[in-house]
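Please keep the sequence and the model in view while reading.

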Amino acid sequence: MKLSEERRKALRVTVDYTNVTDKYLGAKGYSEGRINKYKSIARAAHAYVAENRGKDELFMGWTELPYNQDEIVADILNTAKFVRKTFDNFVVLGIGGSALGPTMAFNALCHLHYNDLPKSKRKGPRFYVEDNVDPVRMKELLDVIDVKKTCFNVISKSGATSETMTQYLIIADLLKKAGENVKDHVIFTTDAAKGNLVKISEELGGVKSYVLPDGVGGRFSELCPVGLLPAAVLGIDIKTLLKGAAYMDKLCKVSDYKKNPALCCALIQFVAMRDGKNIGVMMPYSDNLRYVSDWYAQLWAESLGKNLTLRGEECNVGQTPVKALGVTDQHSQVQLYTEGPYDKIVTFLSVGSYKEKFPIPHGCENIPDVSFLGGHTMEELIQAENKATAYALTKAGRLNYTINLPEVNEFTLGQLLFLFELQTAYAGAMLNVNTYNQPGVEAGKKATFALLGKPGYAEQKKELDGAASDYEYIV
Ligand code: PA5
């Protein structure tokens, strides 16, 4: 998609933090002075990210993804064309960062009932992301796909994640039993040199593979082949997605939080965390954006939830991300947000122009409770409810701010993803933690290895076997 400078400006994603300020929120809000107290920390975080961007050894290679993938993108587009021509189904096998990004982009940029559309109305094969090892889900996926007509994109940096490798073992076995050559049905996205998928590829005689770059961790991987290949298969314009990310990157070059959208969000969240707001609600007013909340939840939780600072001091920081959907959760969660404990800050994702407006017809003229709706559009209704909820929260002294997307498309989604990635990088630097590791996740992975008898984990297995439930506490 070619975008003029004027169109880019019109599609610029912006942050409105009016409802965090004391001017609008009263005593529960933050004065300019209070925010400014942390301004030097924000500037230092900005400088840290600017100085270290692109450094693989710090896992900051993700900052360069909008710029350094021309060849890879060309290759991905060719592969995507082949996949679309050859297969009826495209299944992502992966978990965490390898699954949440592809799910989010699919939901944001494709028809909300994509898989139910006839082939002629879809740009690509039917699409599934399998990010669990629930046996029922596995069996029921196999009820709706024919493995002979399916391409499986196995995404794993380590190739050692039990969930993804279990799925791989199952589909490889099924493909062999169906008389198919496994190599013709799989594409690997993995580490360049290390990891089991590299070995498996060699054993199979060279599987089509994409590299999950060294300096890119799972939760920062949506803009590398992890997310780009599935998106391209779906007919999503990946070049424009990357252009959107680059555009946001440019907007975030300045160290003044009033001009840098990602730094502004990081600073507001940092002040809120210091103020005991341990819960961050992400509430998009758009079904297309609903899985942005899931993707963001991993990014924010795994990156910031840490028990040690970079200097090794105990800190136990982070903020619990909560997912909500406007307007649906107005009828479920908003009561708590408005009147419950003052422990939250709400981020709204608002849309300026929905791709459908859907007029509401006139009717029920004798019932004023209903007839007033006629003549409006569903777009007007959802936007009014978004505004009304922000207003009600503000009136109740509840912190909330809004990220505005003029439209939901590749350019704005690219901006939004990069905004959140930079926001997380800034927030991690402000909290002085290692944003890019996840020792808490690794601990669970290792305990699973031990329980299932992986060689080298015998000691841990003994300990786990001994950790039986105490009958005294079973009711
Ligand atoms: O963000 C992360 O690093 C994790 O969520 C990983 O993506 C997840 O654990 C899967 O790991 P792998 O890619 O090695 O299979």
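## Basis of the report

The structure is a predicted model. The values given here are computed from that model.

## Surroundings of the ligand

The ligand is surrounded by 14 residues. The closest of them are Ser156, Lys157, Ser158, Thr161 and Gln298.

Three of these residues are described here through their side chains. In Ser156, an N or O atom of the side chain is 2.6 Å from an oxygen atom of the ligand. For Ser158, the distance from an N or O atom of the side chain to an oxygen atom of the ligand is 2.6 Å. Thr161 places a polar side-chain atom 2.5 Å from an oxygen atom of the ligand. On its own, the ligand has 380 Å² of accessible area, and the protein covers 90% of this.

## The largest pocket

The largest pocket has a volume of about 970 Å³. Its lining consists of 32 residues, and those nearest the centre are Leu112, Asn288, Tyr354, Lys355 and Glu356. Two helices, H6 (97–109) and H16 (378–395), are the elements that give two or more residues to this lining.

Helix H16 gives the most to the lining of the largest pocket, namely 5 residues. By class, the lining comprises 16 nonpolar, 10 charged and 6 polar residues.

## The second largest pocket

The volume of the second largest pocket is about 810 Å³. Of the 35 residues in its lining, Ser158, Thr161, Gln438, Glu442 and Lys445 are the closest to the centre.

Helix H18 gives the most, with 6 residues. The lining of the second largest pocket divides into 16 polar, 10 nonpolar and 9 charged residues.

Just after H10, Gly235 takes a positive phi of about 85°.

Key: Residues numbered from 1 in each chain as written. Predicted model: local features only at pLDDT ≥ 70, side-chain atom pairs only at ≥ 80, totals over all residues. Heavy atoms only, no water. Helix = DSSP H or I, 4+ residues; strand = E, 2+ residues; numbered from the N terminus. 1 Å grid on protein atoms, 1.4 Å probe; cavity = no way out; pocket = protein on both sides within 12 Å on 5 of 7 lines; lining within 4 Å. Points joined across faces, edges and corners; volume = space filled by probe spheres on them. Nonpolar A, V, L, I, M, F, W, Y, C, P; charged D, E, K, R; others polar. Near = heavy atom within 4 Å. Polar contact = N/O pair within 3.5 Å; in protein donor to acceptor, adjacent residues only side chain to side chain. Areas by Shrake-Rupley, 256 points an atom, 1.4 Å probe, with all protein chains shown as cover.
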